[in-house]
Amino acid sequence: MAATSRAWYFAARPEGEPDLDCFDLRDHEVPDPDPGQLLVEVRYLSVDPYMRGRMRDSESYAEPWEVGDVLQGIVVGEVVESEHDRFETGDLVTGEGAWAEHSLLDAHEVAPVDPRVADPPAYLGALGMPGRTAYFGLLEVGDPKPGDTVVVSGAAGAVGSVVGQIATLNGCHVVGFAGSDEKTDWLTEDLGFDAAINYEATDDYRAALEDAAPDGVDVYFDNVGGPITDAVFTKLNLDASVAVCGQIAHYNDEEVPMGPRKLPMLIAPRASVEGFLVGDFSGRFREASEQLAEWVASGQIEHRETVVEGLDRAPEAFLGLFAGENIGKQVVQVSGPDA
Ligand code: NAP
Ligand code: FER
């Protein structure tokens, strides 16, 4: 039976900072699932920085949204109708769906959610795409050695908080940049970071880094770009590596900011700077998911989600990413026992 569901539509492309006018909440008809599809009741919806890229009218790693489209994102949901023999009604799954109460998912593209390993929203964070990004970006691109100093920006976010903890497990000296005392306290008191810098409370990032990373920087995991990255570039050690994961400080820019940049700082340390996409490692997702689940189940990696209640607040949750309102992974609870 086809379901009627409220869903968020893309209403207008933003210029600069997006706002609530970019979004429109309407009813839509969800068709019956075709063979190979699952109809799910959405429990949790992920909002992610890359979605800002999908609002642009230009091809990138993610296909642009067209005005009038239902917005897409990774969800955790409960199967209410299955047209695939691997899944049955009542199963919890995660996969690409819609910003909606009900969504059709492709059964070949979903993964099971096991609430015995972690609460379901963790499958959008440490046990989902952000966790895998941290795992491959740090271990394969950054490639730290025990004793190295690893610096991560956006350190209290979904990706950054996992990066720092994996670096700690690898015997590194770990320093994070984040935007509040509550965040830096979480990093040093709960997650085992050696030091954390609240960049909103200091003007001199370079001096703060000299204190936090007295031996210089061997690996920089960059989630943000901008002036934090400029400061880290001045402290790179010989053969340092920079893993460029994200540049959220620039996602709302309409023009590439020009001016004196820090590339000369890469010459003497012979530093390598490498961008990557988590999808580059899709052939190894099972390995990452198993390792992350083991670390989470054993308590070696802590995870945290900031939960905004209600589908109607999804745009607000997305916009909050650019104001640093989340600690850990930002999710929206759409339905469920406690919604
Ligand atoms: P997140 O870190 O959970 O959320 C974004 C955070 O960015 C905010 O909480 C905020 O924290 C910080 N931020 C926002 N504007 C900033 C600015 N102007 N300067 C410094 N920090 C700022 O998001 P996430 O999902 O983990 O993603 C982190 C980064 O990784 C993003 O750039 C994302 O695009 C990227 N990413 C890349 C891949 C890939 O495959 N390459 C995959 C996933 C994510 P503060 O309070 O600290 O400012
Ligand atoms: C992001 C989330 C995902 C991002 C990139 C990706 C640069 C890439 C995903 C893929 O591999 O397709 O925030 O920012």
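Which side chain has an N or O atom 2.7 Å from an oxygen atom of ligand 1? The side chain of Tyr 251 does. This is a predicted model, in which local features need pLDDT of at least 70 and side-chain atom pairs count only at pLDDT 80 or more, while totals for chains, interfaces and linings use all residues. Residues are numbered from 1 along each chain as its sequence is written, chains are lettered from A and ligands numbered from 1 in the order in which they are written, and side-chain values use heavy atoms, with hydrogens and water left out.

**Ligand 1**

- Ligand 1 is surrounded by 26 residues, where a residue counts if one of its heavy atoms lies within 4 Å of the molecule.
- The closest of these residues are Lys 183, Tyr 199, Tyr 251, Val 278 and Asn 326.
- Polar contacts with a ligand are pairs of N or O atoms within 3.5 Å.
- An oxygen atom of ligand 1 lies 2.9 Å from a backbone N or O atom of Gly 179, and a nitrogen atom of ligand 1 is 2.9 Å from a polar backbone atom of Phe 276.
- Ligand 1 taken alone exposes 900 Å², of which the protein buries 89%; accessible areas come from the Shrake-Rupley method with a 1.4 Å probe.

**Ligand 2**

- The residues around ligand 2 are Tyr 50, Tyr 61, Met 129, Cys 245, Tyr 251, Leu 277, Val 278 and Gly 279.
- By class, this shell holds 7 nonpolar, 1 polar and no charged residues; Ala, Val, Leu, Ile, Met, Phe, Trp, Tyr, Cys and Pro count as nonpolar, Asp, Glu, Lys and Arg as charged, and the others, Gly among them, as polar.
- Oxygen atoms of ligand 2 are found 2.6 Å from a backbone N or O atom of Gly 279 and 3.2 Å from an N or O atom in the side chain of Tyr 61.
- Taken alone, ligand 2 exposes 370 Å², and the protein buries 74% of that.

**Cysteines**

- The whole structure contains 0 disulfides, a disulfide being a pair of cysteine sulfur atoms within 2.5 Å.
- The sulfur of Cys 245 is too far for a bond, because the closest cysteine sulfur, in Cys 172, is 17 Å away.
- Cys 245 is partly exposed at 23% relative accessibility, whereas Cys 22 is buried at 4%; buried means under 20%, exposed over 50%, and partly exposed in between (1.4 Å probe, protein chains only).

Conventions. Polar contact = N/O pair within 3.5 Å; in protein donor to acceptor, adjacent residues only side chain to side chain.
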